[in-house]
Amino acid sequence: MSTRKEIIVKTLLTVTVSFVLSAFSFGQNLERTHYFQQSFNGGSLIDIYPGSPESNVVNAINLSWLSETNDSTSYRSKFGNPLRGFTFGFFDLGNKEVLGHAFTGQYTMLFPQKINRLLTWEPGLSMGGAVFTNPYDYLENEENIVMGSRVAFWLSAYMRLHYSFSDELNAFAGAAFHHSSNGHTALPNVGANIPSWQLGVRYRFSKKTAVEGSDRKLDNLFDKWQYGFRLGHGFYELGETISPTNGPLYAVYTTQLYAQRKVSDIGRLRIGLEGHYNRGHRALYEIVDDTDTPEANFENSTLGMAFAGYEVAYGHWAVYLQAGYNFHNPGLAYWLDFLTENEFMDRLKKRVSGRYGVHYYFKNPYGAPNWNLYAGLEVKSMVVQADFLELCVGVNFGKKD
């Protein structure tokens with residue numbers, strides 16, 4: 001992976017971590033109950049691509065610092081005042097020579113649900129990044145098609161059952177699923193997919209009771225239609241999942257027009273149109289067909305992509321998921337026809353797209369402002385396969401009356 005690519009990906013992850021730290025600092029005036037948690041994982045790396053390197057048992061250890069509030073007035077209460085904090089992990093990926101190890105850092109949210117006095121079940125989610133000790137190298141480690149970059153995103157989902165020995169101490173067992181990807185910024189990018197079991201303990205080392213109503217009263221999302229537009233700058237390495245490697249990064253320029261409305265206490269539905277221009281597809285035209293005409297620009301654009309998205313807001317932060325349909329996408333079709341045998345999934349990729357990512361709002365959405373700016377980091381996908389990574393900025397606006 002080139003120095004330029006390393007710098008771009010590390011910069012993106014640095015910005016993400018900075019946003020997480022700033023988001024976690026909001027509401028620090030509230031008193032908190034603090035916990036320390038340690039867990040052990042055992043699992044296996046799923047072989048999802050031909051030629052993937054062998055992997056034995058994947059072992060991991062995670063350490064977490066968590067806290068919760070007893071707040072009844074703000075957005076936290078709408079989520080049941082979840083535990084939130086930071087999780088740091090070490091993963092032995094089961095093949096030291098080829099896959100090496102992964103060091104992870106994530107922001108964690110857990111949603112405990114009491115069954116009775118002793119038992120609690122708990123779903124949860126962690127989002128962040130990982131540093132790999134032995135990524136792909138075309139000279140020294142060409143077998144590692146799982147990860148083509150030293151730095152990547154790392155996501156984890158949990159389902160656990162807790163047993164309480166006392167008010168301060170509980171133990172848990174459960175299942176977890178871990179996924180890594182660099183968003184197609186470097187090839188190969190098969191990604192690590194690791195289902196695992198978990199055993200752990202959680203210790204409460206301080207307890208404070210917040211004064212109810214001590215937080216700002218940010219009760220509701222904007223409850224009428226809002227309108228907005230969004231601009232994005234994406235970049236990726238042109239290729240399929242594992243090849244060609246060591247290519248340049250190409251830019252993708254995106255715009256959206258949309259309308260959105262609150263559909264739950266924590267979520268908003270967004271519908272609209274999207275278009276983008278792909279410099280990588282244009283470069284392919286220039287190389288293969290020696291095309292340099294105004295029509296070539298149109299042929300390398302995606303226009304009229306209708307989409308629907310759902311955004312879950314937690315304070316200034318929001319997680320966003322989107323699915324869309326491409327009415328005009330000849331550049332991607334040309335590229336897929338160039339590489340593939342036009343099987344069903346290849347045809348589906350030409351038409352069905354998705355997005356998933358994180359937004360940061362400069363005003364708290366639960367204050368129901370008439371307008372709001374946001375910045376985001378998203379992965380654009382073809383069905384579920386990563387297409388490109390994108391930085392975006394946007395604005396929502398509307399009137400309450």
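Helices (H or I, at least four residues) and strands (E, at least two) are DSSP runs, numbered from the N terminus. The views below show a predicted model, in which local features need pLDDT of at least 70, side-chain atom pairs count only at pLDDT 80 or more, and totals for chains, interfaces and linings use all residues. Residue numbers start from 1 along each chain as its sequence is written, and side-chain values use heavy atoms, leaving out hydrogens and water.

**View 1. Asn81 in a loop.** Look for Asn81 in the loop between helix H2 (75-78) and strand S3 (83-92). Although Asn81 is not a glycine, its phi is positive, at about 50°. Most residues other than glycine have a negative phi, and most peptide bonds are trans.

**View 2. Two cis peptide bonds.** The bond from Leu187 to Pro188 is cis, with omega near 5°, and Pro188 belongs to the loop between S8 and S9. Ser243 and Pro244 are also joined by a cis peptide bond, with omega about -5°. Pro244 sits in the loop between strand S10 (226-237) and strand S11 (249-262).

**View 3. Helices H5 and H6.** The axes of H5 (residues 330-339) and H6 (residues 344-351) come within 9 Å and cross at roughly 160°. Axes are lines fitted to C-alpha atoms, for helices over the stretch in contact, and angles run from 0 to 180 degrees between N-to-C directions. H5 and H6 are therefore roughly antiparallel to each other (angles over 145 degrees count as this). Leu332, Ala333, Leu336 and Asp337 in H5 meet Asp346, Lys349 and Lys350 in H6, where contact means heavy atoms within 4.5 Å.

**View 4. The second largest pocket.** This pocket holds about 660 Å³ of space, a volume being the space filled by probe spheres set on grid points joined across faces, edges and corners. On a 1 Å grid over the protein atoms alone, where a 1.4 Å probe is used, a pocket is an open set of points with protein on both sides within 12 Å along at least five of seven lines; lining residues have an atom within 4 Å of a point. Of the 28 lining residues, Tyr35, Glu68, Lys114, Asp167 and Arg204 lie nearest the centre of the pocket.

Technical notes. Angles under 35 degrees count as roughly parallel, over 145 as roughly antiparallel, 65 to 115 as roughly perpendicular and the rest as oblique.
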